[in-house]
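Please keep the viewer open as you read.

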Amino acid sequence: MVSQVNEHLGIPTKHIVEWTRAFVRHPSPQTERFEHEPQVQSFIGERVVPLVQELGLPWRRDAMGNLLVELGPERADKSLMLMAYAMTHPANRMPNPYAGELIEDASGAYVRGRGVSEQKGSLAAALAAVKAAADRLPLRGRLIFTVSTAGETGRHDAALSICDALGFAPRLAVIVIGTTSRVALANKGRIDAIVTVRGKASHSSTPWVGVNAIDGARRVLDRVMAVDVGANKHPGLGQATLTPTAVRSWPEATHTVQDEVRLVFDRRLLPGDDPQAAFAAIAAAADIGDPWQVKTEFGPFMYPAEIALDGAFMRAVNGGCRRMGLPPPATFHSHGALDAGFFCFKGGEAAMWGPGAIEQWHSEDERIAVTDLIAGAISYLGMIEDYLCQ
């Protein structure tokens with residue numbers, strides 16, 4: 001199976017498998033430096049760019065280091081972006097996370113490694129589809145393949161940088177990430193609300209001299225968690241959620257009444273929700289007054305997304321699969337947030353879709369089946385042909 005040349009792609013399966021293994025072998029984990037993490041930047045510059053050059057594809061990098069490959073007529077009514085990601089979840093407790101092992105057993109062949117089911121397998125599949133399109137298809141619309149420096153950041157900065165470099169937002173955008181090969185018809189958005197409570201430090205033997213920021217933070221937590229976020233409901237996504245995700249206090253010293261506590265609240269957004277109104281409700285609840293000082297900041301943010309089952313995106317997906325002799329993909333609704341919402345906000349249609357099982361994300365035995373990898377590449381190629389070659 002691994003030695004075959006796929007008739008649709010014209011690329012040996014073993015090449016796509018080797019690309020995937022090479023991607024895994026170059027670590028590109030999320031760190032506190034996010035898109036500017038040197039390993040993420042070097043993954044694009046030292047691993048992906050040389051392969052793109054070897055394949056004879058035109059490329060450039062934008063101000064954030066994102067990779068752009070652009071094919072087809074510059075001024076076209078139709079434009080399609082395949083947006084892949086460089087950044088992965090950290091290795092955590094996964095054994096041999098960057099070995100890029102090829103495992104073959106009775107159930108089939110798999111590539112194993114960190115990020116392979118979430119970002120790097122679908123990246124290889126999309127690159128194969130773009131190479132096949134460049135070699136085999138008479139493109140009548142603009143095809144853009146990007147590798148974003150994001151992937152685990154929870155914000156749209158890289159997507160914005162890519163569109164600034166292009167000078168436009170695409171009509172259709174595939175968020176190239178493992179979705180168990182299903183199309184996400186909708187996904188929630190997200191605001192991180194960052195609440196800082198300040199008091200007055202003192203020695204813990206005389207707490208009455210200080211103003212304990214922890215006591216204030218407890219009041220903030222109780223009040224914010226009482227905010228009603230269930231007024232709106234979505235048929236596929238249910239209701240919005242509000243979750244405390246981090247708490248930290250200062251000074252980091254023993255026997256000290258704390259003078260600062262920082263809390264982070266994750267507020268999930270439904271399609272149609274007003275992010276500013278959602279933030280304002282949290283800020284109002286967090287304002288507990290004297291003797292504490294409270295500041296609430298609008299943190300990292302992602303728009304919700306939704307596309308129609310009979311819209312241009314799904315017509316291209318289903319038509320492309322039919323062209324390739326594949327069944328139409330299943331659909332689902334995602335509680336996670338990625339860049340699809342940004343492109344929908346810009347007036348296009350976008351959805352997460354790609355090979356790689358969601359239940360494998362961040363796991364200690366993350367892997368992708370070679371059959372899924374190749375089927376994903378063929379599906380992407382079918383969508384490109386159906387949308388950009390008619």
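Two strands pair if DSSP finds at least two bridges between them. Helices (H or I, at least four residues) and strands (E, at least two) are DSSP runs, numbered from the N terminus. This is a predicted model, in which local features need pLDDT of at least 70 and side-chain atom pairs count only at pLDDT 80 or more, while totals for chains, interfaces and linings use all residues. Residues are numbered from 1 along each chain as its sequence is written, and side-chain values use heavy atoms, with hydrogens and water left out.

**Sheets**

Let us start with an open sheet of 6 strands, ordered β1-β2-β6-β3-β7-β19, with mixed pairing. Its edges are β1 (60-61) and β19 (349-352), each of which pairs on one side only. Within this sheet, β3 (residues 79-85) and β6 (residues 142-148) are parallel and share 7 bridges. If you look for M83, its bridge partner in β6 is T146.

Another open sheet has 3 strands in the order β17-β8-β18, again with mixed pairing. Here the edge strands are β17 (305-306) and β18 (331-334), each pairing on one side only. Strand β8 (residues 183-187) runs parallel to β18, and 4 bridges join them. V183 stands opposite T331 in β18.

**Helices on the sheet and on each other**

Contact here means heavy atoms within 4.5 Å. Axes are lines fitted to C-alpha atoms, for helices over the stretch in contact, and angles run from 0 to 180 degrees between N-to-C directions. Helix α3 (residues 116-136) lies across β2 (67-71), β3 and β6, and runs at about 155° to β6. Helix α7 (residues 312-323) lies across β7 (172-175) and β19, at about 65° to β7.

| Helix pair | Angle | Axis separation |
|---|---|---|
| α5 (residues 213-224) and α6 (residues 275-286) | about 140° | 8 Å |
| α3 and α9 (residues 370-388) | roughly 45° | within 8 Å |
| α1 (residues 13-25) and α3 | about 140° | 9 Å |

Angles under 35 degrees count as roughly parallel, over 145 as roughly antiparallel, 65 to 115 as roughly perpendicular and the rest as oblique. By its angle, the pair α1 and α3 is therefore oblique.

A crossing is left-handed if the near helix is turned anticlockwise from the far one by less than a right angle, and right-handed if clockwise. The crossing of α5 and α6 is right-handed, that of α3 and α9 is right-handed, and α1 passes α3 in a right-handed crossing.

From α1, I16, W19, T20, F23 and V24 meet α3 residues including V116, L123 and L127.

**Cores**

Buried means under 20% relative accessible area, exposed over 50%, and partly exposed in between (1.4 Å probe, protein chains only). A nonpolar core is a set of buried Ala, Val, Leu, Ile, Met, Phe, Trp, Tyr and Cys residues joined through side-chain atoms within 4.5 Å. The largest such core has 94 residues, and those with the most contacts inside it are W19, F145, F313, F343 and I384. Apart from it lies another core of 27 residues, among them V197, A217, I288 and W292. Beyond its neighbours within four places in sequence, F145 is in contact with residues including L67, L82, L123 and V130.

**Loops and backbone**

D273 sits in the loop between β15 (260-269) and α6. Is D273 buried or exposed? At 17% relative accessibility, D273 counts as buried. Residues up to four places away in sequence aside, D273 touches N232, A240 and R267.

Most residues other than glycine have a negative phi, and most peptide bonds are trans. The bond from W250 to P251 is cis, with omega near 0°, and that from D290 to P291 is cis, with omega near 5°. F34, a residue other than glycine, has a positive phi near 50°, and F34 is partly exposed at 24% relative accessibility. H362 is not a glycine either, yet has a positive phi of about 60°, and lies in the loop between β19 and β20 (367-369).
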